[in-house]
Amino acid sequence: MVHLFRPSSSHWKRAVLEPLLLQTSPAALFSTATAAAASPSYHLLSLLKQCSNLKHLHQTHCFMLSRGLDQDNILLSRFIEACSSLGFSHYSHSIFTHKTRPDIYLYNTIIKALSNPELATEAILLYNRILASDLRFDTYSLPFVLKAVVRLLAIHVGRQIHCQAIGTGLVSDIHVVTALIQMYSSCGCVSEARQLFDGVCFRDVAFWNAMVAGYAKVGDVDNARHLFERMPERNVISWTAVIAGYAQMDRPNEAITMFRRMQLEEVEPDEIAMLAALSACAHLGALELGEWIHNYIDKHGLSKIVPLNNALIDMYAKCGKIEKALEVFKNMEHKSVITWTSMIDGLALHGLGREALEMFSCMERNRIKPNEITFVAILSACCHVGLVEMGRWYFKCMGTKYGIKPKIQHYGCMIDLLGRAGFLQEAQKLVRGMPFEANAPIWGSLLAAARIHGDAELGKRALQHLIKVEPHNSGNYTLLSNIYATQSKWNEAGMVRKVMRDTGVKKMPGGSCIEVNNRVHEFVAGDKLHPQSERIFEVLCKINLQSKIAMYVQMEHVEMLESNKESGYISTSICA
């Protein structure tokens, strides 16, 4: 609790103001005194612009108290905004609690400042104080408090605020109804949001965006796209909502298509649009588009934005350009834990497990604390190169050294590592002892390990569990059938295939994609839907014919060599 004192208090001057003034240089004091004499409120606003830490805020607050500026609700609101922008919302709340007669403007400012996950409950309580006082909330009060409702996903509170908006007539305000749509969508009640949307005649672009983003947020990208196409006017937020929605729902082709369309319509992408597009590029291996986005970032001076660089590292690593990923990483001035984790994960993906572990050591030397995702990347790195002992050590020290409780993903990595290395009994023991119910990836890892090491019994048990959690995955049946086939257990292999047919499980066709001329083409085995499929199959037939001819020539060459060996004569041209 911060205790506030009145300007007339000698105790306040001695205990608070004098020590702070002593920390200020004489030149600064002279400058402050001169400017303050001219206009204290003007100088206060200038000070607020220069505040960058809590000490600056304390000094500025003392400046306000000594001149009675804290009694001005507008100036106090500006101070609260400054506290909030620097992340000191607790301090702003403490100051507000000592204010005797706040007006609605000051209430709105503090509710907005507190509408973050940590203090959202306090924001709602302050909103209730407005109702208990003689004040009347306005069109700013409701959107601000609804943000706090979204943070808490408190749909019941949101519905009460909606009723109050109807009772006061504020529901007719476009900003209020937009905030209500955002609240209902964020809480998963998109149908209620749509009812509000359909009931409004006048719709600005922000209103449309709220509904499009609402559909995208709940995963209904098709309705989001349908509404997007109906928009009379669009801005970058409209495009970003749809692109991010496609990327979120693992539909990268549509995300990239929309991003390209946005380019054609000469809409400048924002940070979120580029993040979504880079995620789609990473998923599809669309290197050319990823490189275009990288050039755009450099050209527009966005290379210092850490999340964009993190996405570039991930994109280059997944597109097979680990050197470019390292180049982006090394050029970054500021690196977050996500930056280091992305680089470790990229190295592990390329089979560079030891380099990934060295990167982790470098991360520790830079005093960056790893998180749970970092350890997924580390254990994956150990798995890629079979470093069983190192994997065991990192899995153990997660809790003992870093205080991170292993989650099911970490257990999955360890089980995969042990299974690949042939420690099948230890892997099964870990499955039995973990505080979670094994999921499909874990049983899939055991099934794959059984395939590698020819353990039919383990494969059978793993498949029994997999049938319960993902009964239509044909790959699981195929793996067990192959285990039996390698052991010449043809009856058992046939039984697995029979079970697969009897239960209606169909083998999923394989698929692939390729980027040509900055466009991603996706193919599925047996599919002839591509507009150039005839030409593609014609080329494939030629390649197939050439391969057969080459194979025939090679076989003749080998037979000739073996014949010459038997006769004791080897041609010098062959040796050469």
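Helix α9 is followed by L153, which has a positive phi, near 55 degrees. The structure is a predicted model, in which local features need pLDDT of at least 70, side-chain atom pairs count only at pLDDT 80 or more, and totals for chains, interfaces and linings use all residues. Residues are numbered from 1 along each chain as its sequence is written, and side-chain values use heavy atoms, with hydrogens and water left out.

The chain contains 32 helices and two strands; these are DSSP runs numbered from the N terminus (helices H or I, at least four residues; strands E, at least two). Of the 576 residues, 41% are buried, that is, under 20% relative accessible area with a 1.4 Å probe and protein chains only, whereas exposed means over 50% and partly exposed lies in between.

Helix α9 covers residues 141-152 and spans 17 Å from its first C-alpha to its last, close to the 16 Å expected at 1.5 Å a residue. The expected span is 1.5 Å times one less than the number of residues. Buried residues of α9 include F144, L146 and V149.

Elsewhere, F537 lies in helix α31, residues 533-567. F537 counts as partly exposed because its relative accessibility is 35%.
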